[in-house]
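Trainee: I am new to this structure and would like to go through the terms used for it.
Mentor: Then let us look at it first.

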Amino acid sequence: MRTLSPDHARRIALTAMGFGRPRPPAGQRRDVRHLRRVLDTVDIVQLDSVNVLARAHELPFWSRLGPHDRAGRDRWLWHSRELFDGWIHVASLTAVEVWPLLHFRRAAARPPEDPAYVARVRDEVTRRGPTSVRDLSDPGRRTGPWWGIPKGRAALERLFFRGELAIDHRTPSFLTVFDLTERVLPADVLAVEPPPRREAIDRLLLRAARAHGIGTAADLADHHRLQVSEVRPRLAALAEADRLEEVRVRGWGAEPVYRHPEATSARRFPARTLLSPFDPLVWRRERAERLYDFRYRIEIYVPEAQRVHGYYVLPFLLGERLAARVDLKADRRTGRLLVRGAFAEPDVDRTHVARELAAELTELAAWLEVPGIVVDDRGDLAEALQRAID
C-alpha cells in the first residue's frame with residue numbers, strides 16, 4: 001500500500017476540483033461547454049438561499065470560470081434538463097444520470113401525515129402545472145418564524161422527497177416551483193431501472209472519489225450524504241476490485257484513504273480565486289483542515305458579537321494554498337462591494353496576497369455589478385488590501 005505525503009494528497013484534491021488548470025482567458029466567451037466542464041468536475045453544485053454576496057450555486061462557476069453570463073447559466077441549470085435539483089448533498093444540482101441511483105433514498109421517504117391533503121395538493125399540481133406553495137388554493141400558514149412551515153410547503157416537499165414531484169425551477173427570489181416528475185425529468189432517465197442499493201452506493205462513491213480525487217470514508221460519504229457505516233465496507237470492496245486505490249497519507253492516522261484511479265496531481269496551480277462557503281473543495285470542514293491546514297466555520301447563525309471572522313466569509317485560494325479569508329457583502333443599492341473583514345493565514349506574504357486578492361475582488365465586483373470596493377479596517381489583511389485596492 002502506498003503512502004502519500006500531505007502535499008501530494010492536497011495536490012490531488014486541488015487537481016480533481018479543477019484548480020490545476022487556469023480559468024479561460026479574459027475576453028473569451030464562456031458557453032455551455034464551460035458550464036458542463038465545471039459540473040463534470042465538481043459533480044454536485046450546492047444550493048442556498050442566502051444572497052448577501054451571490055447565490056451559493058453561482059460561486060463554484062465563478063471560481064473555475066471567472067466572469068460568465070449569470071442568467072444564461074441559470075437557464076442551463078434549470079431548463080436544459082441535463083441536471084436535476086434535489087436532495088443530493090443537501091439541496092443541490094447534479095447530472096440527471098444520478099436520478100436512478102438515488103431511488104433507494106426516495107423509496108425510504110416517510111409517508112405523509114395527512115395523506116388526503118397531500119393527494120389534493122398532487123391533484124392541483126397535476127392540473128396546474130409548475131406550482132409553488134404560493135400558487136396552492138389552500139397553502140396553510142406558517143406556524144413559527146423558522147421551522148413552522150405551512151402545510152402546503154410540507155405537502156409539496158413530501159411529494160418531492162418521494163419522487164412524485166420534482167423541482168421545475170427556482171424563481172429569481174429562489175422560490176421553489178414543483179411539477180410532476182414525468183414533466184420535469186427526461187423520459188429516458190425515468191425509464192432507467194434503478195439499480196440495487198449496493199450497486200447504487202458503489203456508483204455514488206465512485207462519483208464522489210472522482211470529484212474529490214482522494215478522501216477518507218467520511219469524506220466520500222459526505223458527497224451524497226451517505227451513512228459512513230454503510231460506506232466503509234463498500235469502499236473496501238471497491239478497493240479489492242481495483243476500482244479505487246487504498247492508500248495512506250502521512251499525518252492522517254490509520255484511517256483508510258481512497259484515491260480514484262484516474263486522479264492526477266498537476267505540476268502547477270494557477271488558481272487565484274474566492275470560494276463559496278459551499279464549494280465542494282471546502283464544504284466538509286474537517287477535510288479542509290486536514291488538507292489545507294485551514295480551520296473554517298460558517299458563522300451566519302452565530303450572534304454577531306461572537307463571530308470570529310464575519311457573516312459571509314469566503315476563503316481565498318492562491319496557488320495551492322488557502323491564503324486568506326474575506327467577509328463580503330454586495331451592496332446592490334449603492335453599487336459597492338463591501339469587504340467587512342480581511343484576514344491573512346499564518347506565514348503568508350501579506351503584500352503579495354493583498355495584491356492578488358485585490359485583483360480578484362475587482363473582477364468579482366465588476367461581474368456582480370457592484371464595482372465600487374470599500375474595505376473596512378477589520379482584520380490583519382485589511383490595511384494591505386486597502387493599499388492594493390487604492
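Mentor: I214 stands opposite R259 in β9. This is a predicted model, where local features need pLDDT of at least 70, side-chain atom pairs count only at pLDDT 80 or more, and totals for chains, interfaces and linings use all residues. Residues are numbered from 1 along each chain as its sequence is written, and side-chain values use heavy atoms, without hydrogens and water.

Trainee: What makes β7 and β9 paired strands?
Mentor: Strands (E, at least two residues) and helices (H or I, at least four) are DSSP runs, numbered from the N terminus. Two strands pair if DSSP finds at least two bridges between them. Three bridges join β7 to β9 (residues 257–259), and the two run antiparallel, so they count as paired.

Trainee: Why do β1 and β7 stand at the edges?
Mentor: The open sheet has the order β1-β8-β9-β7, with mixed pairing. β1 (3–4) and β7 (214–216) each have a single partner strand, so one side of each has no neighbour in the sheet.

Trainee: Why is α6 called roughly perpendicular to α7?
Mentor: Axes are lines fitted to C-alpha atoms, for helices over the stretch in contact, with angles from 0 to 180 degrees between N-to-C directions. Under 35 degrees is roughly parallel, over 145 roughly antiparallel, 65 to 115 roughly perpendicular, and the rest oblique. The axes of α6 (residues 115–128) and α7 (residues 151–161) come within 9 Å and cross at roughly 80 degrees. That makes α6 roughly perpendicular to α7.

Trainee: Which residues does Y292 contact, leaving aside neighbours within four places in sequence?
Mentor: Contact means heavy atoms within 4.5 Å. Y292 is in contact with R10, A13, L14, L281 and L322, those neighbours left aside.
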